[in-house]
There are 2 protein chains.
Amino acid sequence: MIDNALTPLKTILGADNVLSTPEQTAPYLQERRGRFAGRRVAAVLTPGSTQEVAAAMRQCQTQQLNVIPQGGNTGLCGGAAALDDDPHSVILSLERLNKIRLLDAENFTITAEAGCRLSALQEAATAADRLFPLSYAAERDCQIGGNLATNAGGMNVLRYGNARELALGLEVVLADGQIWHGLTGLRKDNSGYALRDLFIGSEGTLGIITAATLKLFPALRCRATAIVGLASMADAVQLFSHLRQASGDTMTSAEVMSRQALGFAVDYAPNCHEPLPAAHHWYLLVELGSSAAAVDLSKRLERALADASDVGDYRVARSADEAADFWRLRNSIPGAQKGAGASIKNDISVPISALPAFIDAASAAIEQHCQGVRLCPFGHIGDGNLHFNLSQPKNMSAEQFLARWEELAGVVNDIVMRHHGSFAAEHGVGQLKPNEVSRLKDPVEQSLMRAIKLALDPEGRLNPGKVIPRYDD
Amino acid sequence: MIDNALTPLKTILGADNVLSTPEQTAPYLQERRGRFAGRRVAAVLTPGSTQEVAAAMRQCQTQQLNVIPQGGNTGLCGGAAALDDDPHSVILSLERLNKIRLLDAENFTITAEAGCRLSALQEAATAADRLFPLSYAAERDCQIGGNLATNAGGMNVLRYGNARELALGLEVVLADGQIWHGLTGLRKDNSGYALRDLFIGSEGTLGIITAATLKLFPALRCRATAIVGLASMADAVQLFSHLRQASGDTMTSAEVMSRQALGFAVDYAPNCHEPLPAAHHWYLLVELGSSAAAVDLSKRLERALADASDVGDYRVARSADEAADFWRLRNSIPGAQKGAGASIKNDISVPISALPAFIDAASAAIEQHCQGVRLCPFGHIGDGNLHFNLSQPKNMSAEQFLARWEELAGVVNDIVMRHHGSFAAEHGVGQLKPNEVSRLKDPVEQSLMRAIKLALDPEGRLNPGKVIPRYDD
């Protein structure tokens with residue numbers, strides 16, 4: 001691509017917002033985890049308004065350039081990364097669309113542009129005595145546009161839903177450069193098809209989300225946190241049901257950790273200590289929250305745990321510091337796993353009731369396929385979502401182990417499908433899993449996805465190679 | 001249509017399940033409200049399984065018959081009714097697909113066929129110590145397939161969402177007779193496009209929902225109910241915010257009634273009495289619910305109301321009977337309105353914060369356009385959803401008044417749009433409002449809807465004339 005070809009884009013966006021030298025484009029090419037690093041794109045575009053996104057999109061259609069929308073670039077599946085050497089694509093970063101347009105406290109909504117960081121939304125909500133509940137590890141770096149494009153999940157899905165369930169309206173630039181003005185803040189609107197939900201989770205393959213109106217909730221006035229030691233996943237599932245009922249459905253998080261996952265945190269992460277006197281096969285970390293100030297949630301949680309059967313041991317946090325200690329264990333697992341060597345990550349979900357059978361079957365199959373592998377499952381029990389991660393055997397090099405990613409992920413995913421689960425639960429498909437879409441998804445569903453892709457992006461300019469497998473016809 | 005043409009369908013479904021005499025088809029042609037009554041269809045089909053629905057759909061494609069999917073036939077906008085004299089259409093009733101396939105209490109899900117009555121799902125959930133929260137007046141007659149096809153709302157949307165938010169997976173027969181097996185019970189699944197949400201709310205124009213997996217919640221162990229008298233809608237909006245926060249977000253319903261609406265109930269409905277000593281301009285009916293047995297919600301509600309400002313008067317129900325008295329007032333309004341003559345119904349929504357300005361503007365405009373009209377607004381304040389109903393002036397006949405439906409609805413809908421609202425909030429579009437879709441919806445959104453309709457139903461066999469306006473190209 002010769003630089004002249006970028007002249008029309010520079011006219012539209014200003015020369016400063018069309019980055020094309022290797023130094024300028026490098027930070028956008030390199031995905032944070034380092035697994036998917038494109039080597040070259042024609043340019044990185046940084047438009048400053050929805051109108052500029054639309055004009056750039058039209059220009060890219062004219063010049064037959066593909067467009068890779070990019071938010072905070074924190075994704076784990078390469079959805080926002082270039083495909084290796086890709087001179088016919090531009091990365092379109094939404095980072096300059098970073099205004100909160102409106103916070104309507106009485107309507108319990110916030111309208112924000114795609115480039116707003118997730119933490120900025122959380123903070124704006126807090127300042128208005130409201131809660132924006134989407135929360136996960138990358139919240140200071142990721143952007144709400146990317147959160148919606150990937151239908152991000154995280155810690156509070158159990159109570160508040162994932163990004164899709166938090167969205168009421170969207171503004172989207174379409175493949176042909178038209179703008180869909182769908183920014184409603186309505187809880188009930190049955191005046192047409194659910195276009196909103198089609199763009200959410202489509203990872204930029206159907207349109208470019210430029211702004212969204214999202215639900216807010218009453219700010220939480222009190223919390224209670226406990227960690228519980230359990231003998232089995234079956235006990236954890238049963239306890240989750242009991243606590244959900246007995247807590248008055250005030251549970252915001254229910255996280256499960258295997259002994260191996262918690263042990264990695266204790267061994268490799270700073271300030272992580274055994275939370276209970278003895279070791280247990282599984283740990284459940286639960287948190288309750290209420291916007292009512294006068295409620296004693298800790299007492300309610302203590303009572304509910306005392307009433308439960310098959311609980312090995314438990315501790316309700318006596319202070320915010322102690323609650324933070326429990327959470328540090330959970331949040332340190334991904335980092336701590338690095339201390340134990342290379343890891344193969346499986347972001348899967350099954351029905352909550354199928355978790356015990358899935359764990360048994362997947363553990364046995366992986367141990368048979370790769371002797372000495374250390375299983376490190378943890379995740380969101382309330383969503384049936386496990387990070388069924390595998391740490392390298394001590395007698396194998398990182399390279400040897402990582403070379404088996406596709407094989408071992410395939411073993412896990414086959415068992416996921418037998419338990420009516422998903423091989424892409426909360427991190428999406430990106431460029432990591434289109435092969436699994438092709439291999440494992442109902443052919444009728446694949447043809448529906450293809451029909452919709454063709455209807456909305458007939459020339460295939462939006463993020464090609466992501467989500468939708470390449471078909472040969 | 002000569003009867004021979006039905007022979008292949010009789011072979012597929014059995015002769016008893018292809019109804020073609022006027023006596024047989026009449027109950028399916030006549031919509032309950034009587035506003036949309038088709039005069040003739042080729043036949044009414046009552047398949048007994050998903051496979052039979054699929055085979056019938058394929059046969060209809062072959063014979064170039066259009067298909068009108070029908071659930072409990074309780075819709076208010078003619079979405080399931082035939083278009084007048086329609087010999088080239090069949091009504092496909094899902095009534096015989098009425099099995100609950102699975103209730104998975106540990107996964108908090110129920111899988112049911114489209115023809116299951118809503119009340120049957122509620123009862124099955126209760127028997128398993130769970131709650132299926134979708135609830136509205138027609139719940140003993142409507143079917144879950146229709147609830148999903150219309151994205152039904154109702155009384156508990158504030159806390160639990162509408163039908164779309166309750167659905168996790170669907171099984172759908174497509175226009176070409178293929179079956180999409182999308183019956184997952186997963187809270188997190190980012191392995192492809194949100195096809196589920198496209199079918200939900202599409203009123204049978206994109207596919208025929210044959211079964212669904214839906215969320216369950218912990219059963220409620222206690223409730224608290226209060227009725228509050230207020231001077232204005234602005235006070236009601238403010239009180240709603242306060243109570244949502246102070247109740248610990250345990251509010252399941254927040255219903256607003258104008259004095260006129262409540263007065264009609266008192267005047268025309270049995271066992272309806274003034275709930276408070278004096279009359280007020282507006283009434284708010286709130287209900288809290290909790291699955292925790294030991295919580296004193298009535299005390300919490302009493303305290304929250306005592307702390308609130310700008311409350312005219314209130315009463316917290318002292319017994320289940322008294323709570324039922326309050327609810328009877330609310331639930332009697334639609335019937336009571338008949339006692340006051342003919343009514344023009346506007347099912348609209350605006351942001352909650354815009355309700356006061358909308359009420360002022362719409363009331364003034366309607367009073368100017370139609371002197372003597374009695375405004376009877378009521379609805380779901382927590383969803384910004386009002387039934388902005390108009391009762392006939394005393395000096396006008398029902399016929400004269402109803403002849404002005406389109407004109408007066410247009411006046412209301414124009415004001416709705418100025419307040420960023422929806423002219424079809426929870427009852428859908430059906431055949432009542434495609435003109436408003438065409439008149440009021442963003443042209444870009446209309447072209448997206450058309451593109452999707454073409455992609456999924458290229459021959460336009462599924463429920464033509466509903467939702468999507470007829471375009472002239």
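Modeller: Before we start on this predicted model: a residue counts as buried under 20% relative accessible area, exposed over 50%, and partly exposed in between.

Colleague: OK, so why is Q63(B) called partly exposed?

Modeller: Its relative accessible area is 23%.

Colleague: What makes N66(B) buried?

Modeller: Buried needs a relative accessible area under 20%. N66(B) has 16%, so buried is the word. N66(B) belongs to strand β3 (residues 66–70) of chain B, and its contacts beyond four places in sequence include H88(B), S89(B), V90(B) and P464(B).

Colleague: How do you know that N66(B) makes a polar contact with R461(B)?

Modeller: The cut-off for an N or O pair is within 3.5 Å. The side chains of N66(B) and R461(B) come in at 2.8 Å, and they count as a polar contact.

Colleague: Now the two chains: what superposes chain A on chain B?

Modeller: A rotation of 180 degrees does it, with 0.0 Å of shift along the axis and an RMSD of 0.0 Å. The two copies are therefore related as by a two-fold rotation axis. Both use the same surface, too: 100% of chain A's contact residues recur in chain B.

Definitions and conventions
Residues numbered from 1 in each chain as written. Chains lettered and ligands numbered in written order. Predicted model: local features only at pLDDT ≥ 70, side-chain atom pairs only at ≥ 80, totals over all residues. Heavy atoms only, no water. Least-squares fit on C-alpha atoms with pLDDT ≥ 70 in both. Contact = heavy atoms within 4.5 Å. Helix = DSSP H or I, 4+ residues; strand = E, 2+ residues; numbered from the N terminus. Buried < 20%, exposed > 50% of the residue type's maximum accessible area, 1.4 Å probe, protein only. Polar contact = N/O pair within 3.5 Å; in protein donor to acceptor, adjacent residues only side chain to side chain.
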